[in-house]
Amino acid sequence: MAMKVRAQLRHARLDGREWRVLRPDPVLDTALLFEVAPGTEMSHVEMYVDRSAAYRIGVLWLLASRSRHTIIHLPLRTGRIPEEPEFTGRPLDLVLSQHTAHLRPSQWPRLRAALGPARPHTVRVPADRRPIDWPEWPTRDRLLDRFHANTMFLTGSPAVFRHTAEDFFALAFGAPGSAPGEESAQHKCFQLHWTSRLLVNSYNLHVLYRAHWLPSAELVGAPD
């Protein structure tokens with residue numbers, strides 16, 4: 001058995017090498033990422049997802065743990081907003097890659113401009129996700145988080161992507177249901193927090209489940 005997500009795959013040649021960039025298809029319209037209070041001591045990153053988006057992001061997060069040279073691009077700036085947002089801020093896209101891809105954030109605008117035509121692609125990752133050993137925090141691997149061109153870049157090892165992907169599946173399979181027009185009273189979220197030693201630079205990435213979203217006409221940010 002495998003977990004599957006539809007995607008688009010594009011290639012480019014830049015700075016003397018070939019690049020492979022993958023993005024979900026269709027885009028995630030019930031997922032939104034933004035930076036709250038940028039440039040202040042209270043700066044942190046918020047993400048809203050419904051269960052479907054949490055599942056699709058989880059599968060792509062697992063792909064980041066398995067593919068050494070694939071750049072995974074999640075265009076989240078133009079996502080819809082939930083009916084009950086707790087925060088607003090500067091909309092961000094998200095890019096995932098392993099250290100071995102050697103992607104510098106400053107390269108990203110030129111890489112996007114150089115991408116060739118999109119081809120349909122299906123992401124398949126094993127459904128049997130066995131737990132991995134996770135060391136105590138003094139030796140723990142972390143996600144290197146950087147920001148450039150309205151994009152958050154997360155770079156890490158296979159182990160740290162594999163470990164943190166489970167948080168998205170916990171939302172996808174464990175978030176509470178709710179009746180139409182009602183937000184569940186049960187709060188469901190997770191945090192990649194500075195105190196857990198999972199992020200290098202940011203104070204916190206807070207991922208919050210929301211069941212109900214405003215219509216697609218209510219967009220945040222602007223498309224490229």
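**Reading strand E12 and its sheet**

Student: Which strand does E4 pair with in the parallel sense, and over how many bridges?

Tutor: The model before you is predicted. In it, strand E4 (residues 44-49) is joined to E12 by five bridges, and the pairing is parallel. One of the partners to look for is Tyr209 in E12, which is bridged to Val49. Further along, Val45 stands opposite Leu205 of E12.

Student: What is the order of the strands in the open sheet?

Tutor: The five strands are arranged E6-E3-E4-E12-E11, and their pairing is mixed. Strand E6 (90-91) and E11 stand at the edges; each has a single partner strand, so one side of each lacks a neighbour in the sheet.

Student: Which helices pack on the sheet?

Tutor: Helix H1 (residues 51-66) does, touching strand E3 (31-36), E4 and E12. The direction of H1 makes about 115° with that of E4. Helix H3 (residues 158-174) also packs on the sheet, in contact with E4, E11 and E12. The direction of H3 makes about 165° with that of E11.

Student: Are the residues of E12 buried or exposed?

Tutor: Buried refers to under 20% relative accessible area. Strand E12 (residues 204-209) is mostly covered, with six of its six residues buried. Asn204, His206 and Leu208 point one way from E12, while Leu205, Val207 and Tyr209 point the other way.

Technical notes:
Residues numbered from 1 in each chain as written. Predicted model: local features only at pLDDT ≥ 70, side-chain atom pairs only at ≥ 80, totals over all residues. Heavy atoms only, no water. Buried < 20%, exposed > 50% of the residue type's maximum accessible area, 1.4 Å probe, protein only. Helix = DSSP H or I, 4+ residues; strand = E, 2+ residues; numbered from the N terminus. Pairing = 2+ DSSP bridges. Contact = heavy atoms within 4.5 Å. Axes fitted to C-alpha atoms, helices over the stretch in contact; angles between N-to-C directions.
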